[in-house]
Amino acid sequence: MPPKFRRSMSRDDLRNAEDVEKESLLDHDSEPDEDMLFNRPSTSIAEVHTNSRIHSVKIQIQEVTDAMRENVKKVMERGEKIEDLQEASDRLSLAGNEFREAARRAHRKAWMQNVKSRIIVIGITVTVVLCIVVLDIVVLYLVLR
């Protein structure tokens, strides 16, 4: 048994314990044999020693039981926290996927605008060059005539 669950109680403490304290230590599930041990007057040191050992064992059992209940409660709380973390992780994953898709759409839109602007610039340049060439040809034609 771990050291934190070991406690030694003096015989005087056990003898001086009131009936109510004894009942709470036994957690109201005493058997008729145990009631006989608690209610009859002790006449020998051996009975007191046996009674004190029973009490100390019952106290240790109660402490271990309380510790186990606390451990089970902590495990359940941990499970709930893990479920909450899993839900948050799923939400973040969905948000990340949505963000990635929105980024792809924005990238495609920017690429398309870039292509459109290049086509417009090339079109204007070709138009200007054609106008200059046609004007030169017209001017040359008129001059040579």
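Read along the sequence, the protein follows the pattern α-α-α-α, with 4 helices and 0 strands in total; helices (H or I, at least four residues) and strands (E, at least two) are DSSP runs, numbered from the N terminus. The model is a predicted one, in which local features need pLDDT of at least 70 and side-chain atom pairs count only at pLDDT 80 or more, whereas totals for chains, interfaces and linings use all residues. Residues are numbered from 1 along each chain as its sequence is written, and side-chain values use heavy atoms, with hydrogens and water left out.

Of the 145 residues of the protein, 10% count as buried, where buried denotes under 20% relative accessible area, exposed over 50%, and partly exposed the range in between (1.4 Å probe, protein chains only). The protein exposes about 12700 Å², of which carbon and sulfur atoms supply 60%; accessible areas come from the Shrake-Rupley method with a 1.4 Å probe, and for residues only the protein chains shown count as cover. Among contacts with a separation of 6 or more, 66% are accounted for by residues 24 or more positions apart, a contact being defined by heavy atoms within 4.5 Å.

The structure holds 2 salt bridges, each defined as a side-chain nitrogen of Lys or Arg within 4 Å of a carboxyl oxygen of Asp or Glu. In general, side chains of opposite charge can pair when their charged atoms come close. Aspartate 66 is bridged to arginine 69, with the closest N and O atoms 3.7 Å apart; because these two residues lie 3 residues apart in helix H4, about one helical turn separates them. Aspartate 66 counts as partly exposed, since its relative accessibility is 38%. Glutamate 101 forms a salt bridge with arginine 104, and here the closest N and O atoms are 3.3 Å apart. Glutamate 101 and arginine 104 are likewise 3 residues apart in helix H4, and therefore separated by about one helical turn. Glutamate 101 is partly exposed, with a relative accessible area of 32%, and arginine 104 also counts as partly exposed, at 42% relative accessibility.

A nonpolar surface patch of about 370 Å² is made by Ile120, Ile124, Val128 and Ile132. Patches are made of residues with over 30% relative accessible area and no salt bridge, like charges being joined within 9 Å and nonpolar side chains (Val, Leu, Ile, Met, Phe, Trp, Tyr) within 5 Å.
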